[in-house]
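Colleague: I have a model open and would like to learn how to read it. Please take me through it feature by feature.

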Amino acid sequence: MRKLWAAIAATSMAVVGAVTVIGLNSQAVAAVGGTGTGYLSASGAQLVDATGAKVRLTGINWFGMETDNKTFHGLWARPWRDHIDQMASLGYNTLRVPYSDDALKAGAQANSVDGYTNPDLQGLSPLQILDKVIEYAGTKGMRILLDRHRPTAAGQSALWYVSATPESTWISNWQMLARRYAGNPTVIGADLHNEPHADGTDPNGTGSCWGCGDTTRDWRLAAERAGNAILEANPNWLIVVEGVSCPSGGNANAWDNIPDEPCGWWGGNLSKAGQYPVRLSKPNKLVYSAHEYANSVYHQPWFDDANFPNNLPAIWDSMWGYLEKQNIAPVLLGEFGSTLQDPKDAVWLRKLMEYMGSGVTGMDFTYWSWNPNSGDTGGIVLDDWKTVNQAKQSILQPYLIPPVGGGTGPTGSASASATASSSASSSPNPGTGSCTATVKIDNAWQGGYQASVTVKNTGTSARNPWSATWTVPSGVTLQSGWNATVTQSGSTFTAAAPSWATSLAPNASVTIGYTANGPSSPAPSGVKLNGVTCTTA
């Protein structure tokens with residue numbers, strides 16, 4: 001019998017350069033608004049925050065830390081904060097971060113981080129870079145989901161372990177991360193292993209099965225072992241469990257007499273999760289996750305159905321959607337994407353977004369990917385790592401819930417973004433055009449320095465487009481800038497709003513970073529916002 005769903009490898013990702021990293025404040029505070037307050041939990045099929053408010057994750061994948069680069073890709077092309085600023089401004093409130101266990105090893109080094117573009121990442125380890133990304137994403141109100149994408153940088157694996165990375169290492173590394181980010185609700189949980197899938201052919205399959213009872217292959221049992229170990233280290237995290245491809249763990253064999261089982265994309269088959277659920281010590285921390293891809297990624301038989309695309313919801317229902325519809329547990333569509341080169345792809349994507357629903361009660365998702373160098377799908381940004389692929393973004397946009405804040409957590413602690421801007425004192429009687437500013441020399445070396453200028457709009461109306469200026473000493477020349485288009489004329493530096501974040505709302509702040517040649521003292525001065533002189537701290 002011909003199988004109903006083809007089992008395939010759908011999402012191998014391109015390898016390029018890597019980076020180095022910096023430390024983070026592990027007590028960064030919960031995001032608010034778009035992603036809720038405090039840690040997240042499941043209430044039936046709905047994610048809720050620490051106050052019980054409904055939350056929907058509408059995120060994106062930024063890969064690279066799972067490759068030989070051991071850090072985020074695109075750091076050779078653009079300042080790292082610019083990536084996050086643009087993601088947040090486009091409406092992505094969650095960042096799924098793939099990594100491999102190689103990036104967590106002692107002495108691991110990030111590479112392909114351009115020193116001119118990202119001088120503050122030079123010499124940092126992969127974990128230190130991750131720390132910086134987490135800290136800054138938290139100030140934007142974004143959440144972080146960590147994804148153990150590969151056991152080594154060499155590639156994905158059918159099982160959750162390989163000889164170089166046994167199960168014990170997989171679990172201990174997860175516990176290390178859980179402890180590292182304990183107390184920091186920007187980091188919401190663990191996507192335990194990316195795309196467990198079938199290997200070999202029935203009846204002698206050797207890949208990940210679901211519910212087969214073989215402790216060396218049953219992904220459901222392994223997810224329980226790892227998930228409960230993580231919850232011992234950090235009881236606040238969500239435990240995200242992907243599906244398999246074929247429940248038996250073996251690919252179908254058209255030449256045997258065994259009836260073929262329904263199979264799906266790698267990581268995309270949760271059809272047995274209802275019968276064999278994942279059992280955690282904290283059931284309200286369980287989230288199931290599926291992956292789904294388009295015709296241009298692989299030609300599945302359902303794309304040829306005469307009823308396409310109206311045949312798709314029934315397929316999704318049987319594979320993973322039933323878990324949400326029956327209120328069993330939340331489902332995160334952790335990866336889905338397309339180049340949109342095939343005419344069917346846009347039809348598929350629109351149907352999928354409609355299926356997941358709109359508003360805060362819709363299914364959670366993280367689109368694959370931000371990166372343009374995903375060979376299967378391309379990215380939300382094009383090859384310059386900046387220009388938005390508007391055809392994709394336009395389909396996703398109505399379903400995105402933008403991040404809001406910083407804000408405060410349930411204990412009332414100040415958020416990272418509030419802390420960053422609170423050092424700039426407020427005007428006692430803020431008028432329409434008033435502002436405050438903080439200037440900081442972040443680093444200095446022989447012949448140059450790195451600085452940040454934080455400007456807060458304390459007025460009563462938005463500055464749109466915003467523009468900031470400041471004065472530097474004679475002999476200082478601009479080298480690079482980020483979070484704005486920074487230019488120099490004489491002794492005046494001008495930071496013009498980037499195209500993806502032109503408006504600075506009342507009480508909002510922006511931090512412009514730059515590097516320069518010349519003396520760091522005296523520090524930059526005379527900061528203005530749209531021509532109005534700011535009060536400096």
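Modeller: Start with strands. Two strands pair if DSSP finds at least two bridges between them. Helices (H or I, at least four residues) and strands (E, at least two) are DSSP runs, numbered from the N terminus. Here Leu-333 stands opposite Phe-365 in β11. Strand β10 (residues 331-337) pairs with β11 in the parallel sense, over 2 bridges.

Colleague: What should I know about the model and its numbering?

Modeller: This is a predicted model, where local features need pLDDT of at least 70, side-chain atom pairs count only at pLDDT 80 or more, and totals for chains, interfaces and linings use all residues. Residues are numbered from 1 along each chain as its sequence is written, and side-chain values use heavy atoms, leaving out hydrogens and water.

Colleague: In what order do the 8 strands close into a barrel?

Modeller: Strands of a sheet pair through backbone hydrogen bonds, either parallel or antiparallel. In this barrel the order is β4-β5-β6-β7-β8-β9-β10-β11, with parallel pairing. Neighbouring strands are turned by 30° against each other on average, direction ignored.

Colleague: How do I read a helix against the sheet?

Modeller: Look at contacts (heavy atoms within 4.5 Å). Then compare axes: lines fitted to C-alpha atoms, for helices over the stretch in contact, with angles from 0 to 180 degrees between N-to-C directions. Helix α4 (residues 219-233) touches β7 (187-191) and β8 (238-242), and its direction makes about 165° with that of β8. Helix α6 (residues 343-356) lies across β9 (286-293), β10 and β11, at about 170° to β10.

Colleague: Which residues are linked with Arg-96 in a network of salt bridges?

Modeller: A salt bridge is a side-chain nitrogen of Lys or Arg within 4 Å of a carboxyl oxygen of Asp or Glu. The network links Arg-96, Asp-147, Asp-191, Glu-242 and Glu-335. Asp-191 and Arg-96 form a salt bridge, with their closest N and O atoms 3.0 Å apart. Asp-191 is in β7 and Arg-96 in β5 (residues 94-100), so the pair ties together parts 95 residues apart in sequence. Arg-96 also bridges to Glu-242, at 3.2 Å between the closest N and O atoms.

Colleague: Is Arg-96 buried or exposed?

Modeller: Buried means under 20% relative accessible area, exposed over 50%, partly exposed in between (1.4 Å probe, protein chains only). Arg-96 has 0%, so it is buried. Glu-242 is buried too. Compare Asp-304, which meets Lys-344 in a salt bridge (3.7 Å, N to O). Asp-304 is partly exposed because its relative accessibility is 47%.
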